[in-house]
Amino acid sequence: LTIGVASTQPSHVQQRIVTPDELVRKFSALSGVVRGDGGLPLSGVAPLGTARADQISFLSNPKYSAQVTQTKAGVVILSEQAYGVLPDKLDKTFITCAKPYVFFALAAQYFAYENAPAHFVHPSACISASASVAEGVHFGPNVVVGERCRIGSGVRLLANITLGDDCVIGEGTRIYPGVHIYRGCKIGARGIVHSGAVIGADGFGFANDDGQWVKIPQTGAVAIGDDCEVGANTTIDRGAMSDTVIGDGVKIDNQVQIGHNVEVGDHTAIAGCVGIAGSTRIGRGVQLGGAAMILGHLSIADGVIVSAASTVTRDITTAGFYTGIFPIDENARWERTAAIVRNLDKMRDRIRRLEALLNQRDGTEK
Amino acid sequence: LTIGVASTQPSHVQQRIVTPDELVRKFSALSGVVRGDGGLPLSGVAPLGTARADQISFLSNPKYSAQVTQTKAGVVILSEQAYGVLPDKLDKTFITCAKPYVFFALAAQYFAYENAPAHFVHPSACISASASVAEGVHFGPNVVVGERCRIGSGVRLLANITLGDDCVIGEGTRIYPGVHIYRGCKIGARGIVHSGAVIGADGFGFANDDGQWVKIPQTGAVAIGDDCEVGANTTIDRGAMSDTVIGDGVKIDNQVQIGHNVEVGDHTAIAGCVGIAGSTRIGRGVQLGGAAMILGHLSIADGVIVSAASTVTRDITTAGFYTGIFPIDENARWERTAAIVRNLDKMRDRIRRLEALLNQRDGTEK
Amino acid sequence: LTIGVASTQPSHVQQRIVTPDELVRKFSALSGVVRGDGGLPLSGVAPLGTARADQISFLSNPKYSAQVTQTKAGVVILSEQAYGVLPDKLDKTFITCAKPYVFFALAAQYFAYENAPAHFVHPSACISASASVAEGVHFGPNVVVGERCRIGSGVRLLANITLGDDCVIGEGTRIYPGVHIYRGCKIGARGIVHSGAVIGADGFGFANDDGQWVKIPQTGAVAIGDDCEVGANTTIDRGAMSDTVIGDGVKIDNQVQIGHNVEVGDHTAIAGCVGIAGSTRIGRGVQLGGAAMILGHLSIADGVIVSAASTVTRDITTAGFYTGIFPIDENARWERTAAIVRNLDKMRDRIRRLEALLNQRDGTEK
């Protein structure tokens, strides 16, 4: 009845103790400077509002600097500039550096380190004999691995996961429960795939034959680079004849839909609920806000930022910040506005008539 | 080969027989009044259009009262007011009350009652020895329960479900197949979680280090109150340093995305495809229409109603009904309208010029 | 530890060899005509840009006909018209026909044919003794089948799937890993359901009792016709008292949400991220673009096409192409435009004042 299962997810342990001086040495590339007690023992990170004396916090935005005077945090990370405008005589330790948020992220990672992950094969896992499995791979309960898969060292497949035939999972990648990956898809090293993600389902391709849809086989696959994160319930479709390609370092949030043959450049970040239609090419370092929709067969330049809930209907060829949202208003006012929007052509015509009338009079009067 | 499995889902049985008089007594808090035959045997609920003589139906909207004259339903629930304007001599039984829709819901629940649910532990369930399990819990096939989970009495975990370590599930909660709950998340009593929901995946938090993303560990969890419903394929992310919190009685539809550190007040209802970005605070009794998008770090007051497909880009501090939808039109007309919208600043300038011209003439003429 | 599992997904084999003459005979209904070498051996399909001499490609849009002069494809399928305007002396073989995209789809299906699918019952599958199972059904690992289900011949249930009690799956239907189907739902013949789809979860129905939500039992189910495809992580809710109904030949992409009691007509295509709210009736041959949102209780006529990201707020009674998207712009320009949109009523009033002023002068001057 009761079967011992190892942890279904990695355990974070937050009992490391470290001092400001040690952190600054550890992340020396960030050139942090300790202002105050470099020997203070720290045991974790916390927001300014709730941090204790043995915790480290950070100031992301100088406009919240009032919180720094009130926080109980033992140490606050902030920029040199923000530090410069603090009131004197704050009896507190600071770490200043050019990238306080990055310093904070690394400190948080340090405290949230994982124990060497358990790895074993649960008896309920079904692993094809033809699969090739490296050292230290964890196969949790009910994990199914198809023929000829190649699983890199240290991969963790947590529970209730299905890999189709010929999948490749790079070393150190962690796949959470309930992920399903179709035949022939590849995920690079050090990736994270969250629960419910589906990678490699058929793209939406049909030819219309007098009103009936004829399926076009989707014979490409999905290739995801190294250091990517794929959010919960996100879907990335396989390509029609060639692959859907996600670059390195791409971070994808939950409930995102990426259509067939899309290409996403390195280090692009895609927030929740975004949809990218088929064959669109997203550049490097792009940021797509939540629920942004990108139509198909478009090209989005490197470094473009699209606001949340905006729809991209044409190529964007220049880096920049783009938005298209109907402004929200009280419903009654919106009703009025929407009626005017629907008839903007008439408003334009009225302006033209006024202009013509005045022009005509100018003529008459001269 | 063939393993007997108990029902993978609760069986609804619709063979109770009840009379109008009994229903009115049973739901006495609603002060229903029977007008007609209080002893009519009823066996179920149905819409006005298809109900039979042994079924009970209801009139939700007085503008459909014509349907009441035609329905074959044995009994119709409606408001006193709607009853008052019905034509005379309808040979039918009515139940009038102040909240006919609530009366109907309770009647429907009465007919759709479940048999005492089967509870047993399927041999394929993997339950950690350190989990604490109350009386009458059902563990269906391939359910995986992590270390130190606490499962309340009468909980039903139906099939292919994963609970991470240290999860808490309150008494009577029903979790449908294919739900995945991450480490440390809590769900209150009498809840319902539908298939494919993912609770507690990492929030989308990264610091940007010269174009590369550094992950910020998400060390909070998700805490969901009592009497909540979470829809199919909905995702609720764990918090970054503190929890994402869902109050009591919150009803969440399918495909909803709730970001890290969001707080949702009691008795709020969230329709399908809604997205709520990180750290936003939604008040009590709020209603978010389908596909509404709420940006991050906002505050939405108690009782606010947001229309479907509207994007909230700023705090809403007053209860009310808010909308922002681009009106749909024939594509050719929309093309014209969109071109004008894109150049509204020019239109405004033309109006200003006209105004200036007329003002100038006023000056000239005087 | 290692259990042999048959392929978790069907294997496509692309080693058939066929000539243009044979293809034209095979799809004779399309009346293709070979122009050139009808005996050329072909082994697959590919896009114009990457095709080899033993592959067949097609020209979908005459504006890309320059690619035809450069492609290395052995054979190109195109329309009679597009063929007519090609430059002379292209040393290549063509197949002309009235529906080149359909011809291409069928050729692609021919090359991507599947081996006779393996069918067996994996020892971990849990199949209720009361289920009725036809010939040649495949039950993969961890598949759970509830009481009294009826499974047609040749159905493939790949892995980690749950069917509730009383489900009916028509012959030849293929269900990918991680699909969950609730009690009493029906899927027709020759269907495809992709991973993570949830069919038959409760519709979102609650009565409001002084601010608290009372659940309305959802006692209908979902009935899906023949030849349908349901995308990954798509959700189709069960009806409140009667069924949610999807017609024949309906193609539904990923992440689509279909509410309770919706009806979708035959051969309608629904792109990714679409939401359809409860009780809406979508006609036959409708096309809904990605992320289109259709409010509840509406009726959409046969043959309507809705643009991506457009919200339908009222009935559409005439076939046609409908759009409603706020045009995207540089953020600073959008800010300006949005401010004007929010105050369009004031702009209208200014125009009225100008008109009144000019009318008044006309009176004065006369």
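Q: Which residue of chain A forms a salt bridge with C:Lys99?
A: Let's start with the rules: this is a predicted model, where local features need pLDDT of at least 70, side-chain atom pairs count only at pLDDT 80 or more, and totals for chains, interfaces and linings use all residues. Residues are numbered from 1 along each chain as its sequence is written, chains are lettered from A in the order in which they are written, and side-chain values use heavy atoms, leaving out hydrogens and water. A salt bridge puts a side-chain nitrogen of Lys or Arg within 4 Å of a carboxyl oxygen of Asp or Glu. Here the closest N and O atoms are 2.7 Å apart, and the partner of C:Lys99 is A:Asp210.

Q: What is the area buried between chain A and chain C?
A: Buried area is the accessible area (1.4 Å probe) that two parts lose on being put together, summed over both. Carbon and sulfur atoms give 62% of this one, and the total is about 6600 Å².

Q: What relation do chain A and chain B have?
A: A rotation of 120 degrees with 0.0 Å of shift along its axis superposes chain B on chain A, with RMSD 0.0 Å (least squares on C-alpha atoms of residues with pLDDT of at least 70 in both). That is the relation of a three-fold axis.
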